[in-house]
Amino acid sequence: MTEPKTYTAAEYLCLENDYERMSEKYECEFERRRRWEKKYSELLSEKNRLMLELNNLKNQPLRKHNERGAGRKPLATPEQIKEIIQLYNSGISYSQILKQLHLSWSKGTIRNIIVRYQQTKEGTE
C-alpha cells in the first residue's frame, strides 16, 4: 500500500483554490442545467398545447368558401342544370335544349354546363 502524498503549504493553497474554482464552476453548470431543464419543460408543454389545438382545428368543419356571397353568381340553378343534363343525355342538341327551356343563352353556355358536369362526375368516380 502506498503512503498518502504530503503537500507543502503552497501546494495545499493551490489545491484549495482549484477546489473552490471547480465548486463554483459546478454550481454554475448545475444552475445552467436547471434553467435548460425548465425551458425544455416549458417547450414540451407548449408543444403539447399546440398539438391539441391542431387536432381541434382538424376536427372543425372548414370555413365555407365565400361566406359573404361575393363574386359572380352562378348562371344556372341546380334544377336547370339537372334538366339540361337530362335533355342532353336523351340526345337533344344544344340549340333544341335552349328552345325547350326558353333560355336566351348561347350554345357555348349549354356546352360549358355539360362539360363542367361531366368533369365533376369524373372527379367523384
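Modeller: Start with Ile97. Leaving aside neighbours within four places in sequence, Ile97 is in contact with Ile84, Leu87, Tyr88, Ile92 and Ile110. Contact means heavy atoms within 4.5 Å. This is a predicted model: local features need pLDDT of at least 70, side-chain atom pairs count only at pLDDT 80 or more, and totals for chains, interfaces and linings use all residues. Residues are numbered from 1 along each chain as its sequence is written, and side-chain values use heavy atoms, with hydrogens and water left out.

Colleague: Is Ile97 buried or exposed?

Modeller: Buried means under 20% relative accessible area, exposed means over 50%, and partly exposed lies in between, with a 1.4 Å probe and protein chains only. Ile97 has a relative accessible area of 0%, so Ile97 is buried. Ile97 is found in helix H3. Helices are DSSP runs (H or I, at least four residues), numbered from the N terminus.

Colleague: How are two packed helices described?

Modeller: By the angle between their axes and the distance between the axes. Axes are lines fitted to C-alpha atoms, for helices over the stretch in contact; angles run from 0 to 180 degrees between N-to-C directions. Here, take H2 (residues 78-89) and H3 (residues 94-101). Their axes come within 10 Å and cross at roughly 135 degrees.

Colleague: What do we call the arrangement of H2 and H3?

Modeller: Under 35 degrees counts as roughly parallel, over 145 as roughly antiparallel, 65 to 115 as roughly perpendicular, and the rest as oblique. H2 and H3 are therefore oblique to each other. The crossing is right-handed. In that case the near helix is turned clockwise from the far one by less than a right angle.

Colleague: Which residues of H2 and H3 meet?

Modeller: From H2, Glu83, Ile84, Leu87 and Tyr88; from H3, Tyr94, Ile97, Gln100 and Leu101. The residues of this contact divide into 6 nonpolar, 1 polar and 1 charged. Ala, Val, Leu, Ile, Met, Phe, Trp, Tyr, Cys and Pro count as nonpolar; Asp, Glu, Lys and Arg count as charged; the others, Gly among them, count as polar.

Colleague: Which residues does Ile110 contact?

Modeller: Apart from neighbours within four places in sequence, Ile110 is in contact with Ile84, Tyr94, Ile97, Leu98, Leu103 and Trp105. Ile110 sits in helix H4 (residues 107-124). At 0% relative accessibility, Ile110 counts as buried. Ile110 and Ile84 are 26 residues apart in sequence and 7.6 Å apart in space, C-alpha to C-alpha.

Colleague: Where is His102 found?

Modeller: In the loop between H3 and H4. His102 is exposed, with a relative accessible area of 71%. Phi of His102 is near 55 degrees, a positive value in a residue other than glycine.

Colleague: How many disulfides does the count come to?

Modeller: A disulfide is a covalent bond between the sulfur atoms of two cysteines. The rule asks for a pair of cysteine sulfur atoms within 2.5 Å. By this rule the count comes to 0. Cys14 is partly exposed at 44% relative accessible area, and Cys28 is partly exposed at 48%.

Note on methods. Helices (H or I, at least four residues) and strands (E, at least two) are DSSP runs, numbered from the N terminus.
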